[in-house]
Amino acid sequence: MGVQTPTRRGFVAGLAAGAAGLAIGFRLDAAAQPAGPPMLRANPRLDSWVRITPDGRITVLTGRVELGQGVLTAMRQIAAEELDVAPARLELISGDTAETANEGVTAGSQSIKFGGEALAVACADARATLVNVAAEAWGVERAALSVTDGVIEGIGGRRMTYAEAAGRVSLVRPANLAAQRKPPHAGTVIGTSLPRTDIPAKVFGQQVFIHDLRPEGMLFGAVARPPAYAARLVSLDMGWAESLPGVVKVVRDGSFIGVIARREEQANDAARKITAAAQWRDGEAIFGGKSVFEHLTTQPALTRTIHSKEAPAGTAARSHAAEYRRGFQAHASIGASCALAKFEEGRLTVWSHAQGPFPLRGDLARGLRMDPAAIRVIHAQGSGCYGHNGADDVALDAALLARAMPGRPIRVHWTHEEEMVWEPWGSAMVVKLQAAMRADGSIASWGHDVWSFPHSTRPGEREGCNLRSAWYLESPVPPSPIVDGALPNGASARNAVPIYDFPGQRVTTHFHTAMPVRTSALRTLGGYFNAVAAEMFIDECASLAGVDPVSYRIRHLADQRLVAVLRKAVEISGWQPRPVVMGRGNAQGARLVGTGVGMTKYKNSDSHVAVVARVSVDPATGVVKLEKMWAATEAGRAINPDGIANQIEGGMVQAASWTLLEEGRWDRNRMVSEDYHAYPIIDFDRIPPIESVLIDRPDLPSLGVGEGSQGPTGAAIANAILDATGRRVAEIPFTPERVLAALRA
């Protein structure tokens with residue numbers, strides 16, 4: 001990724017980690033504290049962020065967790081910068097309910113924006129505290145001192161290490177919320193592409209992933225799943241089940257059936273046989289036999305207008321309306337979810353790759369009817385997932401089995417088929433858009449209606465339990481009440497509020513709380529599809545106005561940061577301005593060729609991203625080939641430019657897969673897209689060359705990046721298909737069948 005600057009732990013470590021220093025109680029007078037980073041206000045104890053001990057250890061802690069996005073590398077950079085120490089010197093603990101601050105869920109592109117800022121201010125406070133120790137000892141002003149790699153230096157060659165200073169002061173106290181960070185121009189670590197610190201252990205096969213952990217005495221667990229989501233157990237021959245090869249114990253609690261065995265394949269085989277042999281009572285058919293889009297638009301929903309702005313009185317010369325649809329989409333993690341649990345002396349320890357260790361602890365406590373203080377959740381890296389997949393659910397599976405066999409670690413590793421069928425899916429959606437256009441083609445008013453199931457049913461609510469197995473127990477713990485996420489972040493309406501300066505605006509949601517197919521957070525929540533639909537629609541409006549899509553966007557933009565990324569993206573792509581002609585394809589030889597653009601400001605508050613895509617379409621088959629993609633990103637101050645490139649370009653690949661390939665299918669009982677034949681994802685052969693640039697703004701706060709490129713990429717591909725074919729393909733994914741049907745319509 002080119003950079004432009006216009007200005008300017010594993011399993012054993014989790015067990016062994018302990019708090020440094022003497023625990024001292026304190027009373028925090030919140031009214032007396034100045035405003036500071038929200039996460040630091042919520043977790044004000046300084047030693048929950050940074051610990052510097054007299055033996056020389058420097059430990060930084062974060063409630064954020066590594067999901068493969070490089071966040072721990074960035075956190076290390078932030079801490080190293082503010083502490084003035086080499087990044088390699090820092091020990092880092094993350095996502096441990098017995099150690100770290102409660103930062104909720106690592107999600108929503110919020111880690112750097114909120115968690116990073118809190119860690120930075122805490123480290124700045126720690127540095128100032130230690131420098132003040134030296135200043136008082138030497139009778140000089142703090143401004144006369146400097147720090148080099150954890151050594152405080154003064155006039156006349158005086159030196160005091162952080163270790164020496166730490167022996168004279170305690171960091172077990174409330175943080176100074178007003179501690180001053182280094183000015184950006186003085187930085188030497190932030191803004192550099194520090195290599196990912198988590199990669200070497202993965203390359204050399206060390207026990208980083210939870211899937212690799214094998215503590216002494218461990219047994220393997222599996223769950224016998226019902227044949228349908230609504231099915232309930234009628235009867236099971238327990239004696240027969242416990243006699244299956246390798247089975248140590250069968251655990252039944254209501255309709256929950258778990259198996260503990262000596263080997264993993266024995267547990268999985270027994271679970272399959274038990275499911276087949278048990279007697280079940282099935283429930284009602286999913287969607288009552290209707291299509292999901294018919295269900296969404298005809299069944300009762302909670303309808304609310306959540307954003308509006310009245311347009312000045314005037315007469316529109318014409319209007320335009322369109323409808324777009326997106327099917328269910330899965331996380332489709334290449335490595336399925338896994339958890340390890342141990343129950344001993346009334347206490348439960350769970351190792352999980354959940355995105356929110358503290359929220360998971362709360363739901364485990366309600367599902368197991370335990371005191372949260374008796375549960376410890378330690379994050380161990382998984383094989384990668386952005387969103388609410390099966391990681392939390394499998395943690396309860398492991399905990400239920402561990403409770404039935406105290407003293408033995410129990411490992412549960414879902415099969416890929418189990419992951420696909422039983423994890424929460426990304427919601428199917430319908431978006432309808434309307435625009436009133438003036439005589440000059442500009443947009444006077446804009447309406448955006450979205451129909452959707454929930455986009456977040458994660459653990460972490462104050463009541464109920466959002467872990468699947470809790471619903472099947474003899475005394476079930478029902479799920480938490482379902483609500484749609486409110487603006488500005490939004491959930492079903494994320495990125496539905498226009499980024500353009502239309503005089504009249506209205507956004508309405510039609511929200512379904514009943515989920516025949518369980519849905520929850522898939523990367524970007526509703527943001528991807530709302531952005532895709534809106535950007536497809538604005539290209540159609542530009543075509544009706546006879547105006548090039550880029551200049552049409554600029555005409556309606558007031559946000560100059562968005563204008564800058566749009567101009568940069570089209571510059572590096574070699575964009576040739578011309579109107580898109582609907583109804584007429586752009587033939588080049590035997591194929592139809594098109595170029596499209598898409599852009600967003602993620603959540604209307606975070607990274608500004610513009611993407612250009614070039615595609616070719618085979619008019620005989622409808623197959624779309626991605627030829628090349630370009631992106632420009634601006635996200636304020638860049639912590640690690642290479643990390644931003646990884647997130648932006650990785651998001652582009654994932655969005656390309658969503659847009660062209662991914663869609664779940666179901667029968668009357670459950671989802672049936674349970675493997676990569678039934679649910680294909682993009683492979684290396686279909687990934688095009690990608691070129692991306694970063695506009696660094698060290699003068700501005702860092703913004704969330706991880707989910708910034710998905711919407712613009714899907715939109716750019718959609719608009720490139722429109723440019724190539726002259727036809728709108730209204731339903732994602734743009735399969736060959738749908739493209740061909742549009743060509744023949």
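In which loop does Pro488 lie? In this predicted model, Pro488 is found in the loop between β20 (443-452) and β21 (504-511). The peptide bond that joins Leu487 to Pro488 is cis, with omega near 15°. A cis peptide bond also links Ile732 to Pro733, with omega near 10°; Pro733 is placed in the loop between β27 (731-732) and α18 (736-744).

Most residues other than glycine have a negative phi, and most peptide bonds are trans. Phe287, although not a glycine, has a positive phi of about 60°. Phe287 belongs to the loop between β12 (279-281) and α9 (292-298), and counts as buried because its relative accessibility is 5%. For Thr524, phi is near 85°, again a positive value in a residue other than glycine. Thr524 occupies the loop between β21 and α13 (527-545) and, at 1% relative accessibility, is likewise buried.

Helix packing was considered for α3 (residues 71-83) and α4 (residues 111-138), whose axes come within 8 Å and cross at roughly 30°. The two helices are therefore roughly parallel to each other, and the crossing of α3 past α4 is right-handed. Residues in contact include Val71, Met75 and Ile78 of α3 and Ile112, Leu119 and Cys123 of α4. By class, this contact comprises twelve nonpolar, three polar and two charged residues.

A search of the whole structure for disulfides returned zero. For Cys385, which is in no disulfide, the nearest cysteine sulfur is that of Cys338, 14 Å away. Cys385 counts as buried at 11% relative accessibility, as does Cys541 at 0%.

Technical notes
Residues numbered from 1 in each chain as written. Predicted model: local features only at pLDDT ≥ 70, side-chain atom pairs only at ≥ 80, totals over all residues. Heavy atoms only, no water. Disulfide = S-S within 2.5 Å. Buried < 20%, exposed > 50% of the residue type's maximum accessible area, 1.4 Å probe, protein only. Axes fitted to C-alpha atoms, helices over the stretch in contact; angles between N-to-C directions. Helix = DSSP H or I, 4+ residues; strand = E, 2+ residues; numbered from the N terminus. Parallel < 35°, antiparallel > 145°, perpendicular 65-115°, else oblique. Left-handed = near helix turned anticlockwise from the far one by under 90°. Contact = heavy atoms within 4.5 Å. Nonpolar A, V, L, I, M, F, W, Y, C, P; charged D, E, K, R; others polar.
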